[in-house]
Amino acid sequence: MSNHLKDTASPYLLQHAENPVDWYPWCEEAFERARREDKPVFLSIGYSTCHWCHVMAHESFEDSTVAGILNRYFIAVKVDREERPDIDSVYMSVCQAFTGSGGWPMSIFMTWDKKPFLAGTYFPSEARYGMPAFSDLLRGVAEHWYSGRKEFLRTADQIIAHLRQSNAGGDGKDTDDLCGRAVGMFRESFDEANGGFGSAPKFPMPHNLLFLALQAKQNHDREALEMVEKTLTQMRRGGIFDQIGYGFSRYSTDRYFLAPHFEKMLYDNALLLMAYASVYAITRNPFYLDTAEKTALYVLREMTSPGGGFYSAQDADSQGLEGRYYTFTRDEILEVLGTERGSLFAETFDITARGNFEGVNIPNLLRSKGSGDDFRAEIEKLYKYRKNRFRLHLDDKVLTSWNSMMIAALSALYRLTRNREILGAAVSAQQFIEKNLCREVRLYTSWREGKRAENGFLDDYAFYVAALTELYHSTLESQYLEKAEAFCREAVSRFADAQDGGFFLSDPGSTELFMNPKETYDGAVPSGNSVMAYNLVRLYQLTGKEVYEALAEKQILYLSARAREDPAGHGMFLLAKQLLDNPPEHLVIALKKEADLDEIKERLPLLANVAVVRESEAYPLLNDSTTFYVCRDHTCYPPTNAWPALE
């Protein structure tokens, strides 16, 4: 029998639509019923490709006994964190305040007016891992609720007061060398042998690599570049990179980048694509460009919808086992490739009879001196074989923010490859957003099967502005720059905190929670505040408009205070600060004839700010021909008719 989730569009909610638990989506009906029946609310937050969400669902939410307890004593609410980042952000802060950590599935107990009094993540069906059985926890919470809930309510008030205080702004007049301190922190945690930072598990955090790469370029910091290159090389050669189908998994469960958590997320692949492309632009090492191109190929053939939008994620689990889709036995390899080529492939990609991961093998190049390029035909055979074994679950909703990341990444990659298929995919995705997730300058968060979410958040606007700016840089079509400015103005109008600085996650006029966070920490995805800082800096440097300069400086000041205690946790913001302090080259092209533009587009640099003007008194033509005006390091150089040497 279906519950209240059956008419939703979210793949995650639909996974629970046939549970015996009487789930509600987040809606006023659920909270009103909880108030009317005087019941606490159990809120469960997750996403459709989350392994431990699957485990808790199978153990508890599909169990009739657990469902009976939930249905009798609680109102149960399910939320897809990717559709409602505001709910996820607020209650993740709650979970971290209660437990010191967070993750998914997230389990929150709260009052009908959304005040949390207990929180955790995964709870097992039987007592283990130092955690109570979920059914025992439910009974205990219900007993305390009905026998005397004053302690719960007092706890809720204390947590809310604490979180509201931590969400307040700080003094931005900090003159510390945030970038230098961040680099020092990365050096201290860098794993020289295996790449990455800290120990297991290791997350890619590509925006930190982008910061370090720009730091290396601007300051000739060879050590910073070595940290980036070692990390990118180990990830590309490890099992976190799918050597057969390409693309990156979520993170590495070990310190070697061998054994990943196998789910693939669109945002990881977008940000890593950008990191590999950027380091190629600095080093000109084809290894990095090849990785970026293979990642793009993965996205184009497995994560792109017929309409041009990009899907959200692929699951880690298949046939009831995490990673089964991605692993091989040695016998399988020999059967598909033949004994001779199969044996050579196995030797190169660490495929053994014993297995390198729980009795099976994750193809990798960590122990090999080769690049694997000699086995392209064999890789294609294994790719086709693997696809025919069974199908992975695909989260096929289209998210504005994640799509925007991929649009930006593909646009940047195009400027290095001149591959029009890559640019075409970026343009198609932007058109998909414009058609399905946009109304004038209002954005919506998600779309699936003709249904779109009715709310947009700061991250949607921030990443979309970045995507439009990158599309402009790759096409020099003014429509993209004009749209970037329009959506940036809308973001400032809707989300900016004019009094204390920074940007709220939700529109202050429509938030329904006890707190409207201003996220600044750059976690798995850069915060909307950091990306807005980046956007404001780029738009100021591109257009020269004073309004962007003032907004950029105010945002940098605000984020400087928030980054003071942990600068290494604010890599994307620091990248924006680097660009403001040390602007990239500025190139103005005074165009004589439109035909010249086609040749110019084939030579666009990765990072420089490029503007095209026609019949401008400020930028007259030299020798009545297309003329280039270049400024770098706060110095402008004489105009020239020859394509200038750009970094």
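Analyst: A residue counts as exposed when its relative accessible area is over 50%, buried when under 20%, and partly exposed in between (1.4 Å probe, protein chains only). Cys636 is exposed, at 56%, while Cys631 is partly exposed, at 24%. These two cysteines are joined by a disulfide (a pair of cysteine sulfur atoms within 2.5 Å), with 2.1 Å from S to S. The structure holds one disulfide. The torsion about the S-S bond of Cys631 and Cys636 is about 100 degrees, so this disulfide is right-handed. Cys50, by contrast, is buried, with a relative accessible area of 3%.

The model is predicted: local features need pLDDT of at least 70 and side-chain atom pairs 80 or more, whereas totals for chains, interfaces and linings use all residues. Residues are numbered from 1 along each chain as its sequence is written, and side-chain values use heavy atoms, leaving out hydrogens and water.

Now the strands (DSSP runs of E, at least two residues; helices are H or I, at least four; both numbered from the N terminus). Five of them form an open sheet with mixed pairing, ordered β1-β3-β2-β4-β5. β1 (24-25) and β5 (116-120) are at the edges, each with a single partner strand, so one side of each has no neighbour in the sheet. Inside the order, β2 (residues 41-46) pairs with β4 (residues 106-110) in the antiparallel sense over five bridges; pairing takes at least two DSSP bridges. Ser44 stands opposite Ser107 in β4.
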